[in-house]
Amino acid sequence: MTTTLPSSALPSQVGPPTFTLNPLGPESLDAEIIALPVIPGDDELIIGPGAADLGDDHDLLGHLEFEGATGSAGEVTTYAVTGSGTLRQILLIGVGAQRRDDFRRAGAALARAVRDRTDVVTTIPAADPEVGLEPFVAGATLGSFLFHWRSEGAPWKPVETITLADLGDDQAAALDRAQAIARAGWRARFFASVPSNLKNPAWLAEQATSLAAESGLKITVWDEDQLAAEGFGGIAAVGQGSATPPRLIRLDYTPRKAGRRTPTVVLVGKGITFDTGGLNIKPSDGMVNMKRDMTGGAVVLAVMTALAEVGCPVKVVGLIAAAENAISGTALRPGDVITHYGGRTSEVTNTDAEGRLVLGDAMAYAADKIKPDALVDIATLTGAMRVALGQTMAGYFADDDALAAQLAEASDISGETLWRMPLVADYEDKLASKVADADNAPGGPGAITAALFLHHFTGGVPWAHIDVACGDAYADVHELTPGPTGFGARVLLSWLADADPLAGVGS
């Protein structure tokens, strides 16, 4: 996958590695670099597939003992190879207890170890393909991620090809799915990384249009005049202070075997391409990373483009409410009252609580016009959630236990950790406004009251709200190289790739 843009302002970006399958052992593949899995045993370390043949010529276990290796997930021990053959290096990479997280960390460690190389052969997923293949691919892909805007070019490049040895064509479908999910995570991180002097609502709509054509999606875009005419008061109000007007982007996916009874899921993403806080301006430290405030929209776009590749069996509509929350003479003011799509009104007591205003419009439209079987919104919505859960975990709310359970299972599979939060009805009174249906900034507990605000726009559709406050965080841990996390693409795709993602929902 290459990331190309219609603007010449952004330098050419690196792409993720390509993965290939080969049923042969690594010793048969004439490789310069081979990576083998190291498994902690009861009494000593065990080297996984490929070690038996390579070990005849190399004392790999002795080297591990000399280096004090433990086999913990992601631990890398390098063994240099001398001689006249092609092989120059053996990487011994720990896979710990061989859980999904362990394979993901091993993949990321491998990616970091082979930067600027053309190819590497590895048997790490072959240690347990059913458990390890998908997370290994995710780790190696996201561990290769890099965004740059440097005059001299990228400071390093990901390895071009990772050959998965000891794995045959029976794993081809699983590898295709794994790459689609991992690359969606890459794409979400990329869009969250693009600076806002290039990224604005119109630019985001252009990117969605190009990707829709590549992915076979139907696309509809509302401009500022259409938004105003059709009553999208929240999106219009948040975007009215910017020189770059707002957009609502709709993407439609229909599976090949869809029929009249095929259910529909709607995904709604917050697409605030830059957030100054508006007239309730953010402090400078809080504003510097607000190019990432469209992470929810980036995730929805990335997910929509990968649905066909993962074989999603349900119809999916993606809605991205895109606006720039700017400061000007026409900006939204504290005390303004806006009318959302469908007629509900909000008193704006804080212009920095703008995400829920644009989401409300898109959710009300979904409930009214699309009438889905489930509605899920995803947004970098509250700082309160980051205080509660930190930078690598997202909170989610749901009014349907079956939907909540589906997302929890997808979280376990994807490695993007969700923690269910309570939708506490006792806090509903905090939303009260003296002049409108609701106050957009009712105060603490901030994540819960934000979820309660959004709940009024669901139209009774089974709903989940994912607050990815970690999405606009800066990460450099495990599979995440430095940059925004792009949290959400993998968990949503893991859910929607299930054979029955709506099992029990609404019943």
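In this predicted model, the lining of the largest pocket is made up of 9 nonpolar, 11 polar and 11 charged residues. The pocket has a volume of about 520 Å³, and among the 31 residues that line it, those nearest its centre are Lys282, Asp352, Leu381, Thr382 and Gly383. Several elements contribute at least two residues each to this lining, namely the strand β10 (264–275) and the helices α9 (284–287), α11 (355–370), α12 (383–389) and α14 (446–455); of the lining of the largest pocket, the largest share, 3 residues, is supplied by α12.

The second largest pocket has a volume of about 300 Å³, and it is lined by 17 residues, of which Thr392, Gly415, Thr417, His478 and Glu479 are the closest to its centre. Its lining divides into 5 nonpolar, 6 polar and 6 charged residues, and helix α3 (residues 100–113) gives the largest share, 3 residues.

As for the confidence of the prediction, the chain has a mean pLDDT of 95, with 97% of its residues at 70 or more. Residues 1–7, however, have pLDDT under 50 throughout, and for this stretch the model has 17 contacts beyond four places in sequence.

Notes: Residues numbered from 1 in each chain as written. Predicted model: local features only at pLDDT ≥ 70, side-chain atom pairs only at ≥ 80, totals over all residues. Heavy atoms only, no water. pLDDT = per-residue confidence, 0-100. Contact = heavy atoms within 4.5 Å. 1 Å grid on protein atoms, 1.4 Å probe; cavity = no way out; pocket = protein on both sides within 12 Å on 5 of 7 lines; lining within 4 Å. Points joined across faces, edges and corners; volume = space filled by probe spheres on them. Helix = DSSP H or I, 4+ residues; strand = E, 2+ residues; numbered from the N terminus. Nonpolar A, V, L, I, M, F, W, Y, C, P; charged D, E, K, R; others polar.
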